[in-house]
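Hello,

Here is the structure I promised to pass on to you. Please open it alongside this email, and I will go through what turned up.

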Amino acid sequence: MRVFNFAAGPAALPTEVLEQVRAELTDWQGLGASVMELSHRGKPFMAAAQEAEATLRELLAIPAAYKVLFLQGGATAQFAAVAMNLAAAERTVDYVNTGAWSKKALTEARRLTGRVNVVADEAASNYTTVPEQGSLRPTAGAAYLHYTPNETIGGVEFPYVPDGAGVPLVADMSSTLLSRPLEVARFGLIYAGAQKNIGPAGLTVVIVHEALIGHARAGTPAVWDYKAMADEGSMLNTPPVFAWYVAGLVFRWLKAQGGLAAVGARNRAKAQLLYRTIDTSGFYSNPVAVSCRSWMNVPFTLADPRLDPGFLAESHAAGLANLAGHRSVGGMRASIYNAMPLAGVETLVAFMKDFERRRG
Ligand code: PMP
């Protein structure tokens with residue numbers, strides 16, 4: 001039996017995709033071998049890899065001037081790779097701090113440059129807000145402006161795309177890429193670890209404007225050099241073939257769902273249902289400012305934290321798995337990425353109401 005899996009990442013994958021993986025796991029395309037057992041340079045894998053990229057380009061309407069890279073090392077490796085590729089050591093780099101993940105990104109950048117400028121920090125609201133639209137002032141001549149459109153732990157999401165005012169915008173979209181349509185042309189670089197909306201952990205997708213590559217600082221290792229990777233079709237070394245193949249199936253599944261407009265409408269409805277349930281109860285609460293609540297990660301607390309263990313045990317028994325909040329904050333968190341059906345959120349809110357009635 002499959003549970004409704006609310007894990008933040010690695011997160012639920014579409015059941016249809018997993019079933020296809022199972023069906024072709026030992027004999028892929030009649031080759032008598034698994035995709036995991038074949039050369040990445042062989043025709044079958046090269047075709048699958050190219051199809052994955054083409055489908056992703058179609059889903060996001062990625063302009064031709066952008067390279068799509070399939071890398072390793074997770075979003076964490078990109079925290080460093082962005083600085084190594086886009087900023088000479090003496091260039092200023094701008095960061096927006098909206099919570100745990102932006103803090104990690106800017107901390108990593110500080111290892112590589114002494115000129116990290118935090119242009120906005122939402123500490124005053126305890127990271128329950130994002131900067132007001134129009135308020136960000138990038139540093140003139142900065143190499144880039146980095147922000148985190150969706151904070152996976154805090155559940156805080158930008159309801160707008162900041163204006164870089166000529167400074168290339170770099171976005172860690174790990175927990176929001178593919179959740180709705182996106183205007184890629186507004187960005188210089190987008191990166192995302194795969195393990196939420198893309199596929200298995202181990203793959204990292206980077207979408208980067210070609211004008212930003214080819215300027216890596218001296219000493220950048222080849223596997224982290226966007227130009228070197230782009231020139232080799234992300235196969236400078238052995239890529240994560242299985243994760244790349246699964247990502248291709250997820251992209252195809254997204255297309256079959258009606259593309260990102262349809263997926264985005266469903267995600268909005270799922271989030272609204274959950275927030276409405278929280279807000280109309282006197283028992284559950286979510287601290288995030290209403291205008292910047294995440295569609296993907298919904299943290300919430302119970303009126304009495306002593307009820308947390310009971311909530312977790314009972315929800316688990318009801319087939320609602322992995323609702324514990326991040327270890328740094330406690331409480332609950334429901335991650336409701338693309339693969340979470342509306343029925344999963346409906347089952348969760350019914351459980352929440354019942355739990356409140358019995359224990360609240
Ligand atoms: N950024 C964000 C927004 C994330 O949610 C995560 C992982 N949860 C990371 C970065 C780190 O990703 P990885 O573990 O793939 O390095």
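In which helix is Ala256 found? Ala256 belongs to helix H6, which covers residues 241-256. Please keep in mind throughout that this is a predicted model. Ala256 has a relative accessible area of 66%, and anything over 50% counts as exposed, so Ala256 is exposed.

Now for the chain as a whole. There are 9 helices and 14 strands in it. Its radius of gyration is 21 Å, close to the 21 Å that the globule rule gives for 360 residues, so the chain is as compact as a globular protein of that length. The C-alpha trace spans about 60 × 55 × 30 Å along its principal axes. Of the 360 residues, 54% count as buried. The chain exposes about 15,200 Å², and 53% of that comes from carbon and sulfur atoms. As for how the chain is connected, consider the contacts with a separation of 6 or more: 68% of them are between residues 24 or more positions apart.

The ligand is the part I think you will enjoy looking at. Around the ligand you will find Gly74, Ala75, Thr76, Phe79, Trp101, Asn150, Thr152, Asp172, Ser174, Gln195 and Lys196. By type, this shell divides into 3 nonpolar, 6 polar and 2 charged residues. Helix H3 (residues 74-86) gives the most to the shell, with 4 residues.

- Thr152 places a polar side-chain atom 2.4 Å from an oxygen atom of the ligand.
- Asp172 has a side-chain N or O atom 2.5 Å from a nitrogen atom of the ligand.
- Gln195 has a side-chain N or O atom 2.9 Å from an oxygen atom of the ligand.

Taken alone, the ligand exposes 390 Å², of which the protein buries 85%.

Asn150, one of the residues around the ligand, deserves a look of its own. Asn150 lies in strand S6 (residues 150-151). Its relative accessibility is 1%, so with the cut-off for buried at under 20%, Asn150 counts as buried. The side chain of Asn150 makes polar contacts with two serine side chains: Ser175 at 2.9 Å and Ser294 at 2.7 Å. Leaving aside neighbours within four places in sequence, Asn150 is in contact with several residues, among them Val156, Glu157, Thr176, Met296 and Asn297.

Thr204 is in strand S10 (residues 204-209), and at 0% relative accessibility Thr204 counts as buried. The side chain of Thr204 reaches the backbone nitrogen of Gly74 at 2.9 Å, and Gly74 is itself one of the residues around the ligand. Beyond its neighbours within four places in sequence, Thr204 is in contact with residues including Leu69, Phe70, Leu71, Ala75, Gln78, Ala192 and Gly193.

Happy browsing, and do write back with any thoughts.

Best wishes

Terms used: Residues are numbered from 1 along each chain as its sequence is written. This is a predicted model: local features need pLDDT of at least 70, side-chain atom pairs count only at pLDDT 80 or more; totals for chains, interfaces and linings use all residues. Side-chain values use heavy atoms; hydrogens and water are left out. A residue is near a molecule or strand if one of its heavy atoms lies within 4 Å of it. A polar contact is a pair of N or O atoms within 3.5 Å; within protein, one must be able to donate a hydrogen and the other to accept it, and residues adjacent in sequence count only if both atoms are side-chain atoms. Accessible areas come from the Shrake-Rupley method with a 1.4 Å probe; for residues, only the protein chains shown count as cover. Helices (H or I, at least four residues) and strands (E, at least two) are DSSP runs, numbered from the N terminus. Ala, Val, Leu, Ile, Met, Phe, Trp, Tyr, Cys and Pro count as nonpolar, Asp, Glu, Lys and Arg as charged, and the others, Gly among them, as polar. The radius of gyration is taken over C-alpha atoms; the globule rule is 2.2 Å times the number of residues to the power 0.38. Buried means under 20% relative accessible area, exposed over 50%, partly exposed in between (1.4 Å probe, protein chains only). Contact means heavy atoms within 4.5 Å.
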